[in-house]
Amino acid sequence: MVPGEHSARRGSREAVFTRKPHGLAHTVEWPAMPPKQRQIKIEQRGAMQAIQALEQRSDEELEAEVKYKSAALAILGGRAAEGFDAEKARAYFQRAIAAARPQERMQIRRMADASLALAERKPDALKDAVQRLGQAPPSGRQMFALRAMGLLVPPGSAGILARVRGILLIVLLIFVLLAIGLGLVELIALPFGGIGIAPGVLLGLFAVIAALAVVAVIGRRRRDRAQAARSGSGGATGPPGR
(Lines give C-alpha, C1' and ligand atoms only; values in the text may rest on other atoms or scores of the structure.)
Protein backbone atom coordinates (compact mmCIF):
# COMPACT_ATOMS: atom_id res chain seq x y z
CA MET A 1 0.00 0.00 0.00
CA VAL A 2 1.19 3.48 -0.82
CA PRO A 3 2.34 5.48 2.23
CA GLY A 4 -0.29 7.85 3.42
CA GLU A 5 -3.07 5.53 2.32
CA HIS A 6 -5.00 3.05 4.35
CA SER A 7 -8.17 1.04 3.83
CA ALA A 8 -11.14 0.13 6.02
CA ARG A 9 -14.29 -1.98 5.62
CA ARG A 10 -17.61 -0.59 6.68
CA GLY A 11 -20.52 -2.99 6.34
CA SER A 12 -20.60 -4.20 2.76
CA ARG A 13 -18.50 -1.37 1.35
CA GLU A 14 -14.75 -0.99 1.07
CA ALA A 15 -13.18 2.48 1.32
CA VAL A 16 -9.70 3.75 0.63
CA PHE A 17 -8.50 6.93 2.34
CA THR A 18 -5.75 8.81 0.55
CA ARG A 19 -3.72 11.41 2.45
CA LYS A 20 -3.11 14.47 0.35
CA PRO A 21 -0.19 16.85 0.85
CA HIS A 22 -2.28 19.60 2.46
CA GLY A 23 -3.64 17.24 5.13
CA LEU A 24 -7.00 16.72 3.43
CA ALA A 25 -8.34 13.22 2.99
CA HIS A 26 -10.04 12.11 -0.17
CA THR A 27 -12.26 9.07 0.15
CA VAL A 28 -12.96 6.69 -2.71
CA GLU A 29 -15.67 4.11 -2.10
CA TRP A 30 -17.06 1.28 -4.20
CA PRO A 31 -19.40 -1.60 -3.41
CA ALA A 32 -17.72 -4.77 -2.27
CA MET A 33 -18.07 -7.74 -4.62
CA PRO A 34 -20.93 -9.95 -3.41
CA PRO A 35 -20.07 -13.58 -2.75
CA LYS A 36 -20.94 -15.98 -5.54
CA GLN A 37 -24.20 -17.57 -4.65
CA ARG A 38 -24.77 -21.25 -5.10
CA GLN A 39 -27.23 -22.02 -7.85
CA ILE A 40 -30.29 -23.75 -6.51
CA LYS A 41 -32.42 -25.77 -8.85
CA ILE A 42 -36.07 -25.40 -7.99
CA GLU A 43 -38.42 -27.96 -9.43
CA GLN A 44 -41.96 -26.74 -9.82
CA ARG A 45 -44.45 -29.44 -10.45
CA GLY A 46 -47.78 -28.11 -11.62
CA ALA A 47 -51.21 -29.65 -11.58
CA MET A 48 -51.00 -31.02 -15.10
CA GLN A 49 -47.84 -32.97 -14.29
CA ALA A 50 -49.43 -34.27 -11.08
CA ILE A 51 -52.43 -35.84 -12.83
CA GLN A 52 -50.40 -38.88 -13.88
CA ALA A 53 -49.39 -39.61 -10.28
CA LEU A 54 -52.93 -39.09 -8.92
CA GLU A 55 -54.87 -41.21 -11.41
CA GLN A 56 -54.53 -44.40 -9.38
CA ARG A 57 -55.99 -42.91 -6.21
CA SER A 58 -59.53 -43.48 -5.00
CA ASP A 59 -62.22 -40.82 -5.05
CA GLU A 60 -61.90 -40.33 -1.29
CA GLU A 61 -58.15 -39.80 -1.55
CA LEU A 62 -58.61 -37.31 -4.38
CA GLU A 63 -61.19 -35.36 -2.38
CA ALA A 64 -58.71 -35.14 0.50
CA GLU A 65 -55.80 -34.03 -1.73
CA VAL A 66 -54.44 -30.61 -0.74
CA LYS A 67 -51.15 -30.02 -2.57
CA TYR A 68 -52.48 -30.71 -6.08
CA LYS A 69 -56.13 -29.88 -5.49
CA SER A 70 -56.90 -28.73 -9.02
CA ALA A 71 -55.45 -31.91 -10.54
CA ALA A 72 -57.42 -34.12 -8.13
CA LEU A 73 -60.67 -32.31 -8.92
CA ALA A 74 -60.01 -32.56 -12.66
CA ILE A 75 -59.60 -36.35 -12.33
CA LEU A 76 -62.85 -36.57 -10.38
CA GLY A 77 -64.56 -34.56 -13.10
CA GLY A 78 -63.26 -36.95 -15.74
CA ARG A 79 -64.52 -39.94 -13.77
CA ALA A 80 -67.95 -38.37 -13.42
CA ALA A 81 -67.99 -37.77 -17.18
CA GLU A 82 -67.18 -41.45 -17.79
CA GLY A 83 -70.34 -42.24 -15.82
CA PHE A 84 -72.27 -39.75 -18.02
CA ASP A 85 -73.03 -37.51 -15.03
CA ALA A 86 -72.67 -34.11 -16.67
CA GLU A 87 -73.80 -32.03 -13.69
CA LYS A 88 -71.36 -33.66 -11.31
CA ALA A 89 -68.53 -33.41 -13.83
CA ARG A 90 -69.24 -29.71 -14.42
CA ALA A 91 -69.20 -29.02 -10.68
CA TYR A 92 -65.83 -30.75 -10.24
CA PHE A 93 -64.26 -28.86 -13.14
CA GLN A 94 -65.54 -25.54 -11.86
CA ARG A 95 -63.82 -26.23 -8.54
CA ALA A 96 -60.67 -27.38 -10.36
CA ILE A 97 -60.46 -24.18 -12.41
CA ALA A 98 -60.97 -22.07 -9.29
CA ALA A 99 -58.17 -23.93 -7.47
CA ALA A 100 -55.74 -23.93 -10.41
CA ARG A 101 -52.95 -21.47 -11.06
CA PRO A 102 -53.50 -19.02 -13.92
CA GLN A 103 -51.11 -20.84 -16.28
CA GLU A 104 -52.96 -24.14 -15.73
CA ARG A 105 -56.53 -22.97 -16.22
CA MET A 106 -56.56 -23.12 -20.01
CA GLN A 107 -55.56 -26.80 -20.06
CA ILE A 108 -58.12 -27.69 -17.38
CA ARG A 109 -60.81 -25.86 -19.37
CA ARG A 110 -59.93 -27.95 -22.41
CA MET A 111 -60.16 -31.11 -20.32
CA ALA A 112 -63.54 -29.90 -19.05
CA ASP A 113 -64.79 -29.33 -22.60
CA ALA A 114 -63.80 -32.85 -23.64
CA SER A 115 -65.23 -34.49 -20.53
CA LEU A 116 -68.54 -32.62 -20.72
CA ALA A 117 -68.87 -33.47 -24.42
CA LEU A 118 -68.48 -37.13 -23.44
CA ALA A 119 -70.96 -36.86 -20.57
CA GLU A 120 -73.54 -35.12 -22.77
CA ARG A 121 -73.07 -37.61 -25.66
CA LYS A 122 -71.87 -35.03 -28.18
CA PRO A 123 -69.45 -36.89 -30.49
CA ASP A 124 -68.58 -33.93 -32.74
CA ALA A 125 -67.84 -31.66 -29.79
CA LEU A 126 -65.81 -34.46 -28.18
CA LYS A 127 -63.70 -34.87 -31.32
CA ASP A 128 -62.89 -31.14 -31.48
CA ALA A 129 -62.13 -30.92 -27.75
CA VAL A 130 -59.83 -33.96 -27.81
CA GLN A 131 -57.91 -32.53 -30.75
CA ARG A 132 -57.45 -29.24 -28.86
CA LEU A 133 -55.94 -31.30 -26.04
CA GLY A 134 -53.34 -32.57 -28.49
CA GLN A 135 -54.59 -36.17 -28.45
CA ALA A 136 -55.72 -38.48 -31.21
CA PRO A 137 -59.44 -38.10 -32.00
CA PRO A 138 -61.84 -40.94 -31.19
CA SER A 139 -62.14 -43.69 -33.75
CA GLY A 140 -65.16 -44.09 -36.00
CA ARG A 141 -66.42 -46.98 -33.93
CA GLN A 142 -66.19 -44.92 -30.74
CA MET A 143 -68.02 -42.03 -32.40
CA PHE A 144 -70.77 -44.40 -33.57
CA ALA A 145 -71.13 -45.89 -30.08
CA LEU A 146 -71.41 -42.42 -28.55
CA ARG A 147 -74.06 -41.39 -31.09
CA ALA A 148 -76.02 -44.57 -30.36
CA MET A 149 -75.74 -43.88 -26.65
CA GLY A 150 -77.05 -40.36 -27.22
CA LEU A 151 -80.08 -41.76 -29.03
CA LEU A 152 -80.86 -44.54 -26.57
CA VAL A 153 -80.00 -42.73 -23.32
CA PRO A 154 -80.13 -38.98 -23.99
CA PRO A 155 -78.61 -36.60 -21.42
CA GLY A 156 -80.69 -34.95 -18.75
CA SER A 157 -80.68 -31.68 -20.69
CA ALA A 158 -82.56 -33.31 -23.59
CA GLY A 159 -86.27 -32.69 -23.98
CA ILE A 160 -89.14 -35.05 -23.29
CA LEU A 161 -89.39 -36.06 -26.95
CA ALA A 162 -85.78 -37.25 -26.97
CA ARG A 163 -86.41 -39.34 -23.86
CA VAL A 164 -89.56 -40.92 -25.29
CA ARG A 165 -87.70 -41.65 -28.50
CA GLY A 166 -84.90 -43.29 -26.50
CA ILE A 167 -87.38 -45.53 -24.65
CA LEU A 168 -89.02 -46.63 -27.91
CA LEU A 169 -85.63 -47.33 -29.48
CA ILE A 170 -84.60 -49.44 -26.47
CA VAL A 171 -87.81 -51.50 -26.69
CA LEU A 172 -87.27 -51.97 -30.42
CA LEU A 173 -83.65 -53.00 -29.84
CA ILE A 174 -84.73 -55.59 -27.26
CA PHE A 175 -87.18 -57.13 -29.71
CA VAL A 176 -84.54 -57.22 -32.42
CA LEU A 177 -82.01 -58.90 -30.12
CA LEU A 178 -84.58 -61.46 -28.97
CA ALA A 179 -85.45 -62.21 -32.55
CA ILE A 180 -81.78 -62.70 -33.40
CA GLY A 181 -81.31 -64.95 -30.37
CA LEU A 182 -84.41 -66.99 -31.23
CA GLY A 183 -83.27 -67.43 -34.79
CA LEU A 184 -79.82 -68.55 -33.67
CA VAL A 185 -81.27 -71.10 -31.21
CA GLU A 186 -83.72 -72.43 -33.80
CA LEU A 187 -80.90 -72.81 -36.30
CA ILE A 188 -78.78 -74.75 -33.82
CA ALA A 189 -81.72 -76.95 -32.73
CA LEU A 190 -82.91 -77.62 -36.27
CA PRO A 191 -80.81 -80.82 -36.74
CA PHE A 192 -82.29 -82.13 -33.46
CA GLY A 193 -85.89 -81.68 -34.47
CA GLY A 194 -86.33 -78.02 -33.63
CA ILE A 195 -87.50 -76.33 -30.44
CA GLY A 196 -90.67 -74.60 -29.26
CA ILE A 197 -91.20 -70.83 -29.29
CA ALA A 198 -91.22 -70.33 -25.52
CA PRO A 199 -88.02 -72.27 -24.74
CA GLY A 200 -86.47 -70.82 -27.90
CA VAL A 201 -87.13 -67.26 -26.71
CA LEU A 202 -85.70 -68.08 -23.28
CA LEU A 203 -82.57 -69.69 -24.70
CA GLY A 204 -82.24 -66.87 -27.19
CA LEU A 205 -82.34 -64.37 -24.31
CA PHE A 206 -79.54 -66.26 -22.57
CA ALA A 207 -77.53 -66.29 -25.80
CA VAL A 208 -77.96 -62.54 -26.24
CA ILE A 209 -76.92 -61.85 -22.64
CA ALA A 210 -73.84 -64.04 -23.05
CA ALA A 211 -72.89 -62.30 -26.29
CA LEU A 212 -73.27 -58.86 -24.71
CA ALA A 213 -71.17 -59.93 -21.72
CA VAL A 214 -68.38 -61.11 -24.00
CA VAL A 215 -68.47 -57.84 -25.95
CA ALA A 216 -68.36 -55.85 -22.70
CA VAL A 217 -65.36 -57.80 -21.41
CA ILE A 218 -63.47 -57.35 -24.69
CA GLY A 219 -64.25 -53.63 -24.74
CA ARG A 220 -63.12 -53.18 -21.13
CA ARG A 221 -59.83 -54.96 -21.81
CA ARG A 222 -59.17 -52.78 -24.85
CA ARG A 223 -59.91 -49.66 -22.84
CA ASP A 224 -57.58 -50.77 -20.04
CA ARG A 225 -54.78 -51.44 -22.53
CA ALA A 226 -55.30 -48.04 -24.11
CA GLN A 227 -55.18 -46.31 -20.71
CA ALA A 228 -52.04 -48.25 -19.76
CA ALA A 229 -50.37 -47.26 -23.03
CA ARG A 230 -51.34 -43.62 -22.51
CA SER A 231 -50.01 -43.64 -18.94
CA GLY A 232 -46.77 -45.28 -20.05
CA SER A 233 -46.23 -42.69 -22.77
CA GLY A 234 -46.43 -39.89 -20.22
CA GLY A 235 -48.81 -37.81 -22.33
CA ALA A 236 -51.43 -35.43 -21.08
CA THR A 237 -54.46 -37.06 -19.59
CA GLY A 238 -57.82 -36.60 -21.18
CA PRO A 239 -61.19 -38.30 -21.10
CA PRO A 240 -61.15 -41.79 -22.59
CA GLY A 241 -63.09 -42.46 -25.72
CA ARG A 242 -66.16 -44.61 -25.55
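Glu 120 counts as buried because its relative accessibility is 14%. Buried means under 20% relative accessible area, exposed over 50%, and partly exposed in between, with a 1.4 Å probe and protein chains only. The model is predicted: local features need pLDDT of at least 70, side-chain atom pairs count only at pLDDT 80 or more, and totals for chains, interfaces and linings use all residues. Residues are numbered from 1 along each chain as its sequence is written, and side-chain values use heavy atoms, with hydrogens and water left out.

Glu 120 sits in the loop between α5 and α6. Helices (H or I, at least four residues) and strands (E, at least two) are DSSP runs, numbered from the N terminus. Setting aside neighbours within four places in sequence, Glu 120 touches Ala 86, Arg 90 and Pro 155. Contact here means heavy atoms within 4.5 Å.

Arg 121 lies in the loop between α5 and α6. Arg 121 counts as buried, because its relative accessibility is 12%. Its phi is near 55°, a positive value in a residue other than glycine. Most residues other than glycine have a negative phi.

## Helices α5 and α6

Helix α5 covers residues 102–119 and helix α6 covers residues 123–132. Their axes come within 8 Å and cross at roughly 155°. So α5 is roughly antiparallel to α6. Axes are lines fitted to C-alpha atoms, for helices over the stretch in contact, and angles run from 0 to 180 degrees between N-to-C directions. Angles under 35 degrees count as roughly parallel, over 145 as roughly antiparallel, 65 to 115 as roughly perpendicular, and the rest as oblique.

Which residues meet? From α5 come Arg 110, Asp 113, Ala 114, Ala 117 and Leu 118, and from α6 come Ala 125, Leu 126, Ala 129, Val 130 and Arg 132. By class, the contact of α5 with α6 has seven nonpolar, no polar and three charged residues. Ala, Val, Leu, Ile, Met, Phe, Trp, Tyr, Cys and Pro count as nonpolar, Asp, Glu, Lys and Arg as charged, and the others, Gly among them, as polar.

## Helices α6 and α7

Helix α7 covers residues 140–152. The axes of α6 and α7 come within 9 Å and cross at roughly 140°. That makes α6 oblique to α7.

Pro 123, Asp 124, Leu 126 and Lys 127 in α6 meet Met 143, Leu 146 and Arg 147 in α7. The contact of α6 with α7 holds four nonpolar, no polar and three charged residues.

## Two other sites

Phe 84 lies in the loop between α3 (69–82) and α4 (86–99). Its phi is near 60°, a positive value in a residue other than glycine.

Leu 182 belongs to helix α8, residues 160–189. Neighbours within four places aside, Leu 182 is in contact with Ile 197, Gly 200, Val 201 and Gly 204. The C-alpha atoms of Leu 182 and Ala 207 are separated by 8.8 Å, and these residues are 25 apart along the chain.

## The whole protein

The protein has nine helices and three strands. Along the sequence the pattern is β-β-β-α-α-α-α-α-α-α-α-α. Of its 242 residues, 27% count as buried.

Among contacts with a separation of 6 or more, 36% join residues 24 or more positions apart. The accessible surface comes to about 16400 Å², and 62% of this belongs to carbon and sulfur atoms. Accessible areas come from the Shrake-Rupley method with a 1.4 Å probe; for residues, only the protein chains shown count as cover.
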